[in-house]
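Have the viewer open as you read.

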Amino acid sequence: MNAWYFTFEYPPEFGGGLSTYMRIVTEAYAERSDASLVVFTLSNRQSGLMSRRYLHDNVQLITINPNQSLEKDELGHWVNVARLFERFSDLFMMQIDTGLRDLVHPDYVEFADGFGIGSLTIQQKLCLNSRLQDVPIIVTAHTPTYLIDRLNQIPTFKLPHYWTGQLELQALCGADLVIGCAKAILDLLDKEVGRTGAKLGPCKVLHNPFPVEDSAALDAPPRGSYDHFYMASRLTHWKGVESAIRAFEILWNEGIKVPFYIYGEDTFFTVTGTNYSEYIEKRYKKYIDGGLLTLKGKCPRSEISKISKTAYAQVHPSHFDNFPYSVLEAMSEGTKCVAGSNGGIREIATDEDDIFLTNVEDPQKFAAALRKAYNLSENTRITMRSNAKSKIKRHCDPKIFLLEKEKMVRELSAQKCSAPKSFPFLSPPKESCVFEAASISDGNPELSIIVPYFNMADYIDETLDSISNSTFKNFETILINDGSTDQRSIELLGQLHTTHGLNEKQLRIINIQNGGVANARNTGVKHSLAPFIALLDSDDLIGARYYEKAMRILKTYENVSFCGAWIEDYNADGRIRNWATWNAEPPIQLIMNQTNCQSLIYKRAAFEQSGWHDPDLRMFLDDWEGMISLLAGGHRGVMIPEALFEYRIRSESIFRSGGGLWDINYEKITQKHRELYNEWGADIAAFLNVNGPNNFYHVAGKEGSLRK
């Protein structure tokens, strides 16, 4: 099979468990004559955006430098990475289809789960991108970074951590297949998404690959030469450094003065505002001074392996670890391990047969396991070493790993069918909001486009031109003249049909007394004839394929009530930025608007249920409130990850000049939808506590400006 793997770590530029995984997968593919692999990864060292080279005859490495992207400052780092991976995958597949690229079309695509790097590619597939429909997308659940942040006592609601966590979960729920390195991680993630009623994509367990050399010697050191325990992992809170030290304290106080070495790269500790090594050195100074505790720093595994020959055991005290390579490496070398019983390693290892498993968060139980490893007889030690190596060889053979994964892909491909009727939201809609799109009445259009108009002579022609250029053609445009007072704007209305070649049915102009944009939009909806409604301000523009793509999504998914897209902001001088929107669901949409709420496309029934705009908001935040009202009614919306809407920024617009209305109207919104805000109150409170009010942030993928 031919595979594309997307990762944010690849050796030698990056280390860690994911790099080890990618190295082993690469080596396994290199031995195959019937398969090929393309690895997409990151490199901050290269000068250009993208480079490509062969690692083996059938393995290519494509490196991308996200710092060279034009959108890096607009989207935030990890959203930018997800965007680059999505754009390159789409570009290369297009070039393959047209014969412009000498790559092989992938039989499957795999993304690592971390930072949501596959979220936008999966979103594109869910938004019915034709080039992705026949390509299974797999997400391998190593351990999402939001879980690591939580274990490391980093506030998970702080931007951008919160947003990357949401992207991770969205990718896991939207993938064609989620492969867990262990059942433990799948169970944990299933519980996480189940909190809001969501579900993971289809799941299977496939343990990480790790090669075991038949010739690897298991010679024991001379009797009595064991002289230390060690830990080989990143120096960080969630890896359980302090849990191990507390357990060793019990042994040291009993008179067992065995040294404990800690190998690993240092990290920043949010709790103290220092590096973790500084925290450990200060808190456990007496043990360091006494030679019982030594921080060895980052060290190659080959060097650790030499020193570990005289170790009683390797200690792996992580509070949770999916399927740690550090343990696999030690077990394959015949080193005894003492590890936590709540991680994935327990699924292949057996306590006191090939490993010691214990509750690492209970110092007494942890100390008891260390004591067993310390007092182990040589015969038992030899037996356990042999058992450990055999266990890794049996469960983690890289060749079997690839064959099993390809079997899973074939099963996915055999299940080819039409797109599912439900979009995988993280907080699914109410059952009453799940329904098929209504059919068209005889002679009526399929889409009604509502354009509120007030003194917009300078812009309306461009707006109508953009509508006319739409690839979706079965629509009517209803222009609501909201009591324009500018003479030129009034006179222009009589010329629009002729200027744009539209008849009275294609463009209906309705004149009303001035009542504000919310009233104008509502009036247009009441006069419309179609089962789908689109809103568009008279100074904004749409991309040619916006309505076509949105309509396809609304017709496909019964649980999607409205649809939007990313935004291209521009002014009189040209393009300003690309603004990423995201699916309309709580809680973040209740705090900061992440939709193009002024230009959404709706199922008419959904809008009539819950989407009416509120004239009481006096033309400020009324469009956002309309979207929130839909959420309060139990509806959900999908945002297409392409800039298909162009938002004109004018210095004289009310949004630029109505800052005083923000606090007043936002308070009105929260009180009007008190039940919805109360339902999500805990999440909202946690978010506001670390990020501050929403004038401190605008882009979810970037850090806010609040400084405490």
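What follows covers the model itself, then a helix, then the cysteines.

## About the model

This is a predicted model, where local features need pLDDT of at least 70, side-chain atom pairs count only at pLDDT 80 or more, and totals for chains, interfaces and linings use all residues. Residues are numbered from 1 along each chain as its sequence is written, and side-chain values use heavy atoms, with hydrogens and water left out.

## Helix H14

Helices (H or I, at least four residues) and strands (E, at least two) are DSSP runs, numbered from the N terminus. H14 takes in residues 378-395, and its 18 residues should span 26 Å at 1.5 Å a residue, counting one less than the number of residues.

Which residues of H14 are buried? They are Glu378, Arg381, Met384, Arg385, Ala388, Lys389, Lys391 and Ile392 (buried is under 20% relative accessible area, exposed over 50%, partly exposed in between, with a 1.4 Å probe and protein chains only). Looking down the axis of H14, these buried residues fall within an arc of 160° (taken from the directions from the helix axis to the C-beta atoms), so they line one face of the helix. Their packing partners (heavy atoms within 4.5 Å) are strand E14 (311-316), helix H12 (325-332), strand E16 (356-358) and helix H13 (363-374). Over on the other side of H14, Asn379 and Arg394 are exposed.

## Cysteines

How many disulfides are there? With a disulfide taken as a pair of cysteine sulfur atoms within 2.5 Å, the count is zero. For Cys127, the nearest cysteine sulfur belongs to Cys563, 6.2 Å away. Cys127 is buried, at 4% relative accessible area.

Cys433 is in no disulfide either, and its nearest cysteine sulfur, that of Cys563, lies 17 Å away. Cys433 is buried too, with a relative accessible area of 0%.
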